Amino acid sequence: MAGSTAPDTLQLPLPPAALRGKAVDERARLISGYLCRVLTGALDVPPAHRVSAERSLRAQGLNSLTALRLTRTLRLALRVDVPVDLLLTHDTVTELATALAARLEEPTRTALLEEPPRTALLGKEPSRTARPGPSPHLLG
Amino acid sequence: MTEASTGTLIGARTAPRPPAAAVEKGGLHLWALHGPDRDDGPTTLPTAELDEDELTRAAAFVRPLDRLRYVTAHIALRRLLAAYTGVAPGELLLSRAPCSSCGGPHGRPVITGSPVPLNFSLSHSHGLAIIGISAATVGVDVERLPSPETTQMSLPALHPREQAELGRLPPHERPAAFGRLWTRKEAYLKGIGTGLTRDLGADYLGEDRGPGAPEGPPGWTVRNVPGHPGHVAAVAVPSHTEQCGTTRRLPLKSLYAEDADELIATVKERLCTSLPAADGTALGAASGV
């Protein structure tokens, strides 16, 4: 269930285009901070606790359905495709942030996602299956 | 939830006994374990039966209740497999087959060196564990009923026909319908051994059986497992597998008892009887919930 902080309303520290202009390490650092805030809401982290960037995400409560929901949040915020197994195969926030930072450098992926932000309305989005390119499990 | 069990123990220390329980050829046994719902501090659970990998994972949990639920589910799994194989719970060698889509070490969970060929699948979520045991491959999934927000945010990842079906429902029915669909999808993806590495929009696991509806995954029977209010669950088996009509409730006592095999083999309680016999046409058909 959703936590008290709706993860979908949290803003990146910089817009995706500005993030892309940063060096990859700095980009990963900024994404890591954003991920920790998003996950604090999504994982129902108890009050006075924080999401750890270095502990296993699964050990902090990430499951497949939470991961699926977060792929959408991250896709809307970062404007890159985020397959669910990217979240499930990267063990920690730091590893996931590094993977996402690398994804922001790949224009073929990001160019496909020119949808308006934060409009996850039912039935308003083209099908994922229409997306060209290799299937997501071969990436990441 | 997808479970991982990759540790191994060195060699069996005792000779296997005759198995106390058996799954008939082409059959499927489903087991459910409810609880624990709270953490009451130190337990007398036989954690020594877990392997190194399981103990490492258990130790990593941030919340004590998550750890307790993980440990409980894995002891339950080992004790069930022990009853079906005759190998002691702590001596079962559990590992992972190669992923069927990328070859990585995160495919279906397997038992090595068992005298009885057996497949299994474990899923647990928020105090409910479901374990499927079959001579054929099997995938199970259980989730807590998703929230409306999770439902809405998750829809775009699904097959277009699945999205359309859910979109036609009144909003208050969508979370349960999405939960049923999602567990069918995840059970199927566990069954075929890819897990969530496969494109979630690639397969149709909707409930539409009408004219013009897409086919479900060929060769697979995927059904919801009803009878667990607050949760949604599903099982996927190859279509030639006979469907079990029931889920058995695993007695909590069997996690602690020395004679767990006997307890398991003599369980009479059946949780539900609503999974119909497979007829090869009802792929993905939900049976209530």
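**Helix packing and chain make-up**

Modeller: Helix H2 (residues 24-42) of chain A packs against helix H5 (residues 93-103) of chain A at an angle of about 125°, with the axes 8 Å apart. Bear in mind that this is a predicted model.

Biologist: What word describes the packing of H2(A) relative to H5(A)?

Modeller: The angle between H2(A) and H5(A) is about 125°. Roughly perpendicular ends at 115 degrees and roughly antiparallel begins over 145. The angle of about 125° therefore makes H2(A) to H5(A) oblique.

Biologist: Is the crossing of H2(A) and H5(A) left-handed or right-handed?

Modeller: Two packed helices are described by the angle between their axes and the distance between the axes. Handedness is a further item for this pair. The crossing of H2(A) and H5(A) is right-handed.

Biologist: How many nonpolar residues are in the contact of H2(A) with H5(A)?

Modeller: Sort the contact of H2(A) with H5(A) by class. Two residues are polar and one is charged. The nonpolar residues number 11.

Biologist: What pattern does chain A follow along the sequence?

Modeller: Chain A has six helices and zero strands. Read along the sequence, its pattern is α-α-α-α-α-α.

Biologist: How many strands are in chain B?

Modeller: Chain B has helices as well as strands. The helices number six, and the strands number 10.

Biologist: What percentage of the residues of chain B count as buried?

Modeller: In chain A, 51% of the 140 residues count as buried. Chain B has 289 residues. Its buried share is 59%.

Biologist: What share of the contacts in chain B with a separation of 6 or more is accounted for by residues 24 or more positions apart?

Modeller: For chain A, 64% of the contacts between residues at least 6 apart join residues at least 24 apart. For chain B, the share is 70%.

Biologist: What accessible surface does chain B have?

Modeller: Chain A exposes about 6,400 Å², and carbon and sulfur atoms supply 57% of that. In chain B, 57% of the surface belongs to carbon and sulfur atoms. The accessible surface of chain B is about 11,400 Å².

Biologist: Is B:Ser154 buried or exposed?

Modeller: B:Ser154 sits in helix H3 (residues 148-154) of chain B. Leaving aside neighbours within four places in sequence, its contacts are A:Leu68, A:Arg69 and B:Phe178. Buried means under 20% relative accessible area. The relative accessible area of B:Ser154 is 0%, so B:Ser154 is buried.

Biologist: Which peptide bond is cis, with omega near 0°?

Modeller: Most residues other than glycine have a negative phi, and most peptide bonds are trans. B:Pro36 lies in the loop between strand S1 (28-34) and helix H1 (52-60) of chain B. The cis bond runs from B:Gly35 to B:Pro36.

Biologist: What is the phi of A:Asp44?

Modeller: A:Asp44 lies in the loop between H2 and helix H3 (64-78) of chain A. At 34% relative accessibility, A:Asp44 counts as partly exposed. Its phi is positive, in a residue other than glycine, and near 55°.

Biologist: What is the phi of A:Arg79?

Modeller: A:Arg79 is in the loop between H3 and helix H4 (84-89) of chain A. A:Arg79 is partly exposed, at 23% relative accessibility. This residue other than glycine has a positive phi, near 60°.

How values were computed: Residues are numbered from 1 along each chain as its sequence is written. Chains are lettered from A and ligands numbered from 1 in the order in which they are written. This is a predicted model: local features need pLDDT of at least 70, side-chain atom pairs count only at pLDDT 80 or more; totals for chains, interfaces and linings use all residues. Side-chain values use heavy atoms; hydrogens and water are left out. Axes are lines fitted to C-alpha atoms, for helices over the stretch in contact, and angles run from 0 to 180 degrees between N-to-C directions. Helices (H or I, at least four residues) and strands (E, at least two) are DSSP runs, numbered from the N terminus. Angles under 35 degrees count as roughly parallel, over 145 as roughly antiparallel, 65 to 115 as roughly perpendicular and the rest as oblique. A crossing is left-handed if the near helix is turned anticlockwise from the far one by less than a right angle, and right-handed if clockwise. Ala, Val, Leu, Ile, Met, Phe, Trp, Tyr, Cys and Pro count as nonpolar, Asp, Glu, Lys and Arg as charged, and the others, Gly among them, as polar. Buried means under 20% relative accessible area, exposed over 50%, partly exposed in between (1.4 Å probe, protein chains only). Contact means heavy atoms within 4.5 Å. Accessible areas come from the Shrake-Rupley method with a 1.4 Å probe; for residues, only the protein chains shown count as cover.
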